[in-house]
Amino acid sequence: MTTEDTIKKIIAEALEVDVEKITDDLAINGIPEWNSIGNLAIINALEDKLDISFPIDDLFELTSVEGIVEEIAKLEKENA
Amino acid sequence: MPEHSPILSAIQRHAAETPHAVALISAVKERVTYAALYEKIVQAAAFLQSHGLRKGDRIALSARTELDFIYVYFAAHLLDVVDVVVDANANPKKLAYILDLTKPRLAFGFETEVCVSLKYDQIDYGKRLESADGQSMAADDTADIVFTTGTTGLPKGVMLSHFNIFSSADNINGFIGNTEHEVEVLGLPLCHSFGLGRLRCTLIKGATMVLVGSFANLKLFFNAMDEFHATGFGMVPAVWAYIRKFSGTRISKFAGQLKYIEIGSAAMPIDSKKELCELFPNTRICMHYGLTEASRSAFMEFHENMDRLNTIGKPVSAKVDIRIFDENGRILPDGEQGEICVKGNMVTKSYYRPEENANAFFGDYFRTGDVGYRDTDGNFYLAGRRKELINVGGKKVSPQEVEDAVCSLGVEDCICVGMEDPNGILGEVPKVYIVKNGTDMPFDEIRRKLAPLLEDYKIPAAFDWIDEIPKTSSGKKQRLSLRNP
């Protein structure tokens, strides 16, 4: 199971910001770096590094760090 | 009466005739009627006046969705004060250059040491506007100075008059067929030309604009479309790629209510155009071709051009003329390739620095730098670019600026060109070729060190080695020879 800290680290790297900025309640547009290009970078990085694939219907719902963490837990459970 | 500003005159007319019509809905769902909008503009003008601002002075302002930005932007026009709209997230060096050049008296919405900088909540709307007697104001006076990417990397200030910006909005509304019944959701930032242009189109018609300010959170955008029964929106091709990746074809549920979509700022793949036609069979899907100096010069509607989706269309209105010129300034016949040049009511008269006007015009025709031709039916086609700017999702990147930044890290020499975005979102992205043995630094390190020097979208997506940089006999880099190899 991928830990929350790992996910936050990947998000921080994708946005090129300090991991301290990636709080649970951080959402799209919450920091200037998390714009549409940043969002794309996050999804690409998570899919690449965690070897997962987000279904399109779920991607639409992923608007916060908390949501992303929950989604990855769900996907890993389904694939277990 | 703000007779010198046809846009303000239109807003004032709507305030008198349809005072309760909603002009703006903010990101936090605050509704502003036309009566309230005009009142706020007058009050904001009084505030600017209380700071000593008068005709010809300049203010700098930035915003994504703030209502106060709109009040101050038009308040400046009311006083014939010039707006310099900037993106506060731009490269600090570029921003400093713009502010140094234009010397604003006040700045709103961002921090600067060049002049007094105010937050929007510091505006006092309780002041009374004094008559500006003795100051003649005319529609030809400069309303906005808009900065566009120059080939050298230094931005060029484009002066647009009150008449220019009104004419552009009027041309667009005429082509698209907009009415006062429109409700448009704006996902584009207000501080960019496309977003600000859409705002002007909406307000001169007496229609409604919902300010969302970003497409990043599509759920928010779609909710606004649903809640306010949107009839239209504007986007760049990169946004369409983003919408498709993050929401599939979910947006087609709005096909019944969307009367128009305006697209522009970059090329769009033909397959995307066909798909849009299928998803929105009854929507006017209008794509513009233009540039800051000659906003929305040409338009084409997808459904009407299914057999030639690669055209950039025809002049936007009868008040605009487009011709193909050879390099000596002679008009070429149909079918022959040359430089696309534009004359019309929205074309700038001058750059801010007059020396930049050299070679910018053939008579009244502005030289776009793009190569194209016209067919016998009057449709124009792009055939290439004379200028070497890279178009990253609608944002223009000067290759020289990127090369200068790379070389400032100690790299001997390099050449920057556009390549197809491997993610299929942005259209083009910058790629840098570094001359072999020109550095010991790994590409990753160069990329990391560029972060504080360049905006995100200018940082090369790829690096490669090159034996020798292709140059002309006079030593000019031949970037187009390496494009999309």
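Trainee: In strand 20 of chain B, which residue is the bridge partner of Cys341(B)?

Mentor: The bridge partner of Cys341(B) there is Arg367(B). This is a predicted model, in which local features need pLDDT of at least 70 and side-chain atom pairs count only at pLDDT 80 or more, while totals for chains, interfaces and linings use all residues. Residues are numbered from 1 along each chain as its sequence is written, and chains are lettered from A and ligands numbered from 1 in the order in which they are written.

Trainee: Which residue stands opposite Ile322(B) in strand 17 of chain B?

Mentor: Val342(B) stands opposite Ile322(B). Strand 16 (residues 320-325) of chain B pairs with strand 17 in the antiparallel sense over six bridges.

Trainee: Why is strand 17 of chain B called largely enclosed?

Mentor: Strand 17 (residues 338-344) has seven residues, and five of them are buried, so the rest of the structure largely encloses this strand. A residue is buried if 20 or more other C-beta atoms lie within 10 Å of its own, exposed if 12 or fewer, and partly exposed in between, with C-beta atoms placed from the backbone.

Trainee: Then why is Glu61(A) called partly exposed?

Mentor: Glu61(A) has 17 other C-beta atoms within 10 Å. Glu61(A) is in the loop between helix 3 (56-59) and helix 4 (65-79) of chain A.

Trainee: What does Glu61(A) touch, not counting residues up to four places away in sequence?

Mentor: Glu61(A) touches Gly67(A) and Lys219(B). Contact means that the C-beta atoms, placed from the backbone, lie within 7 Å.

Trainee: How many residues does each chain bring to the contact of chain A with chain B?

Mentor: Chain A brings 15 residues and chain B brings 17. On the side of chain A, helix 2 (36-50) and helix 3 each give two or more residues, and helix 2 gives the most, with five. The side of chain A divides into seven nonpolar, six polar and two charged residues. Ala, Val, Leu, Ile, Met, Phe, Trp, Tyr, Cys and Pro count as nonpolar, Asp, Glu, Lys and Arg as charged, and the others, Gly among them, as polar.

Trainee: Why is helix 1 of chain B called oblique to helix 6 of chain B?

Mentor: The axes of helix 1 (residues 6-17) and helix 6 (residues 193-205) come within 8 Å and cross at roughly 45°. Angles under 35 degrees count as roughly parallel, over 145 as roughly antiparallel, 65 to 115 as roughly perpendicular and the rest as oblique, so helix 1 is oblique to helix 6. Ile7(B), Ala10(B) and Ile11(B) of helix 1 make the contact with Arg200(B), Leu203(B) and Ile204(B) of helix 6.

Trainee: Why do strand 2 and strand 15 of chain B stand at the edges?

Mentor: In chain B, nine strands form an open sheet of mixed pairing, in the order 2-1-10-9-11-12-13-14-15. Strand 2 (31-33) and strand 15 (314-315) each have a single partner strand, so one side of each has no neighbour in the sheet.

How values were computed
Helix = DSSP H or I, 4+ residues; strand = E, 2+ residues; numbered from the N terminus. Contact = placed C-beta atoms within 7 Å. Pairing = 2+ DSSP bridges. Axes fitted to C-alpha atoms, helices over the stretch in contact; angles between N-to-C directions.
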